Amino acid sequence: MNNTQLQEYDVVIMGAGFAGVCQARHLLLNIPNIKIALIDPRPEERTEKDLKIGESMVEIATLFVCKELGLYEYMIDNHPPKFGLSFHWPKDPTKTESTDDYYHIWANRQPPLASFQMNRAKFERDLLKMNKAMGAIFYQGRVVDVDLTPKDAIKTVKVKKVDGEYIELKAKHVIDGAGRKFIIGRKTDNVLFGPDNLFGLNTGSAWVRVKGVDRTIFHDGYDPNSITCSHYYATNHWFGHGHWLWMIPTEKESQEISIGIAQHRRVIPDKEINTKEKFYAFLKANHNMLYRLVTSGEAVDFHYLPRPSHTSKTMFSEDNWYVLGDAACIFDPFYSLGTTMIAFAIEGVTEIIRAKLAGESNAEEKRSAYNQFNLTYTRFNNHLIKYHDKHLGHASVMSWRIYQDYIWWFGVIVPMYLGKWHLDLDFIPRYVKGLEANMNGYSEHLYQQFNELVERGANIGFMDCYRGDQLVWGYNTLEHFDDFLENTKLEPKRCNIFASMKYTSFYNTIWYAKFLWKGFGLSGFIAPKNLYYLFQNLNNTIQIAIGEIIYKHFTKDLPANSKIAKMRQEFTSYEYRAELQPWIKEVA
């Protein structure tokens with residue numbers, strides 16, 4: 001255990017919210033005897049005032065919290081389960097009384113990897129206590145200044161504690177997880193705001209939490225012919241022109257839910273949504289079922305955040321400072337990717353700090369590569385929202401767009417994370433180059449085609465990202481193409497990411513061919529630029545297949561899972577013995 005009077009640390013983490021407490025635990029679990037301090041103005045016991053946006057995790061964030069932080073049992077005991085994402089569009093915007101009035105993409109089963117909803121205040125409180133029990137020191141107070149000295153020079157964090165005392169903490173590494181205070185961001189001019197830096201994203205967000213709701217207004221839970229999971233415990237998305245709403249259960253016992261809106265200012269100005277009364281009026285006029293739901297319970301809080309989105313120039317600095325969570329970036333929470341970006345970042349930060357504390361020669365190479373990966377990956381997540389202001393209310397186009405995003409999520413991003421390829425110094429530069437090329441080429445071209453279809457008011461059919469009857473050979477987006485689950489390939493690089501990328505690229509080509517045919521006919525299908533991107537996707541498939549051959553050659557002698565291989569080897573000496581150990585005498 002650390003001395004509570006010690007004020008010199010390996011790492012000082014500013015902010016004990018989700019990012020800060022997760023980073024602290026990950027460091028404690030992976031670097032023996034590391035000395036960590038956490039600073040936050042809030043007390044250990046969090047209240048309803050500490051509730052904030054971000055109550056939903058998806059597969060990667062859940063893998064991180066449950067597998068990498070060892071909190072699966074804790075999550076099962078304390079937080080609601082999640083059954084994927086569901087999507088809903090009004091059939092007639094003037095009639096939105098019940099779910100019968102919407103077109104639906106229902107999460108029809110539990111995805112192959114579990115996920116959770118979350119009560120943020122409870123999670124942060126409990127994890128802070130766990131970190132203290134593991135040796136982290138908590139200071140309740142506000143950071144008033146931080147001296148970010150260059151390179152490996154010791155940093156100083158000046159703190160005003162709640163009792164008025166000023167203290168200075170010395171640290172080799174400083175992490176800003178203090179959210180929108182932007183302690184490091186403002187100190188270093190590191191934060192980027194505004195649509196010009198965010199692929200045009202210009203949104204606001206309002207949300208309310210309500211407890212004791214009558215959830216049968218949404219669904220009575222009985223649907224034996226359609227699903228094998230819960231409609232209520234999915235994260236439900238409700239769409240309309242220039243906006244989408246989330247509906248997330250955050251507490252099982254109190255039947256509390258969070259309902260909020262991401263509104264695009266080009267369509268919905270701030271003044272029309274920025275109070276509780278206006279928000280409720282909006283729900284009543286545009287999604288009356290949700291209005292009935294929130295008014296069936298007791299309101300807990302209401303918030304309006306006028307400009308939630310931003311990003312950073314640097315995430316992991318050569319001067320041993322790091323920005324995490326909202327202090328680094330946040331975009332539209334459409335796919336609940338905020339905690340996923342945090343998971344990727346935390347693992348990178350831990351490995352950089354571990355390598356630097358150990359004096360490893362490639363520590364700076366890791367810092368540079370992980371910084372570039374996280375910057376590019378977050379840009380990609382921001383790019384996923386481009387032109388949403390035009391597309392959200394068009395059920396046909398948006399369903400195709402969601403389907404394509406799901407192809408990449410389950411086909412590449414999830415297995416990449418699970419195999420720890422985001423920490424591999426050979427893989428990162430190739431992946432980053434591919435993402436940048438995708439954003440600047442194929443994806444941008446595709447978004448322009450979506451725009452054209454929306455402007456025409458075209459109906460190109462409805463794509464359901466959970467069903468397996470829309471592309472060839474029964475493909476569905478939840479498929480994975482390496483047996484990393486079945487054979488527990490959970491060690492770094494055991495998961496064959498190249499197989500996943502190869503088949504994902506192939507099915508994306510099939511998806512794009514169908515999209516061109518449905519949306520633009522023969523003339524559009526054979527247009528030179530469209531053919532170019534079709535063949536580019538096929539070429540990518542071939543190139544990745546070559547990479548897979550090389551990967552298989554160098555990993556042919558590696559067991560899928562070392563623990564299983566060891567147990568099987570031990571089992572070769574097994575002998576059956578039809579006897580029990582004596583116990584009567586010992587009891588007597």
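Buried means under 20% relative accessible area. Pro308 has 8% relative accessibility, so this proline counts as buried. The model discussed here is predicted.

**Pro308 and Ser312**

Pro308 sits in the loop between β15 (298-305) and β16. Leaving out residues up to four places away in sequence, Pro308 touches Arg180, Thr203, Gly204, Ser205 and Ile330. Asp332 is 24 residues from Pro308 in sequence, yet their C-alpha atoms are 8.0 Å apart.

Strand β16 (residues 311-312) contains Ser312. Is Ser312 buried or exposed? Its relative accessible area is 5%, so Ser312 is buried. A polar atom of the Ser312 side chain lies 2.5 Å from the backbone oxygen of Ala328. Beyond its neighbours within four places in sequence, Ser312 is in contact with Asn190, Leu192, Val323, Ala327, Ala328 and Leu375.

**The nonpolar core**

In soluble globular proteins, nonpolar side chains tend to be buried together. Here the largest nonpolar core has 181 residues. Phe87, Phe123, Trp511 and Phe515 have the most contacts inside it. Helix α11 (residues 395-418) gives the most to this core, with 16 residues.

What does Trp511 contact, leaving aside its neighbours within four places in sequence? The partners are Trp400, Tyr403, Gln404, Ile407, Tyr442, Leu446, Phe450, Met463 and Leu471.

Helix α14 covers residues 497-525. A straight helix of 29 residues would span 42 Å at 1.5 Å a residue, but α14 spans only 31 Å between its end C-alpha atoms. There is a bend of about 100° at Gly519 in α14. At the start of α14, a side-chain oxygen of Asn496 comes within 3.1 Å of the backbone nitrogen of Phe498.

Helix α4 (residues 120-133) has 14 residues. Its first and last C-alpha atoms are 20 Å apart, close to the 20 Å expected at 1.5 Å a residue. Asn119 places a side-chain oxygen within 3.3 Å of the backbone nitrogen of Ala121 at the start of α4. Buried residues in α4 include Phe123, Leu127 and Leu128, along with Arg120, Lys122, Glu124 and Asp126. The buried residues of α4 pack against α1 (18-30), β2, α2 (59-68), α3 (72-78), β7 and β13 (243-251). Just after α4, Gly135 takes a positive phi of about 120°.

**Strand pairing**

| Strands | Sense | Bridges |
|---|---|---|
| β2 (residues 36-40) and β7 (residues 137-147) | parallel | four |
| β7 and β8 (residues 155-161) | antiparallel | six |
| β12 (residues 235-240) and β13 | antiparallel | five |
| β13 and β14 (residues 256-264) | antiparallel | eight |

Leu38 stands opposite Phe138 in β7. Val143 has Val159 in β8 as its bridge partner.

How many of the nine residues of β13 are buried? Nine of nine are, and the strand is mostly covered. Asn236 is bridged to Met247 in β13, and Glu251 to Glu256 in β14.

Key
Residues are numbered from 1 along each chain as its sequence is written. This is a predicted model: local features need pLDDT of at least 70, side-chain atom pairs count only at pLDDT 80 or more; totals for chains, interfaces and linings use all residues. Side-chain values use heavy atoms; hydrogens and water are left out. A nonpolar core is a set of buried Ala, Val, Leu, Ile, Met, Phe, Trp, Tyr and Cys residues joined through side-chain atoms within 4.5 Å. Buried means under 20% relative accessible area, exposed over 50%, partly exposed in between (1.4 Å probe, protein chains only). Helices (H or I, at least four residues) and strands (E, at least two) are DSSP runs, numbered from the N terminus. Contact means heavy atoms within 4.5 Å. The expected span of a helix is 1.5 Å times one less than its number of residues. The bend at a residue is the angle between axes fitted to the seven residues ending there and the seven starting there. A polar contact is a pair of N or O atoms within 3.5 Å; within protein, one must be able to donate a hydrogen and the other to accept it, and residues adjacent in sequence count only if both atoms are side-chain atoms. Two strands pair if DSSP finds at least two bridges between them.
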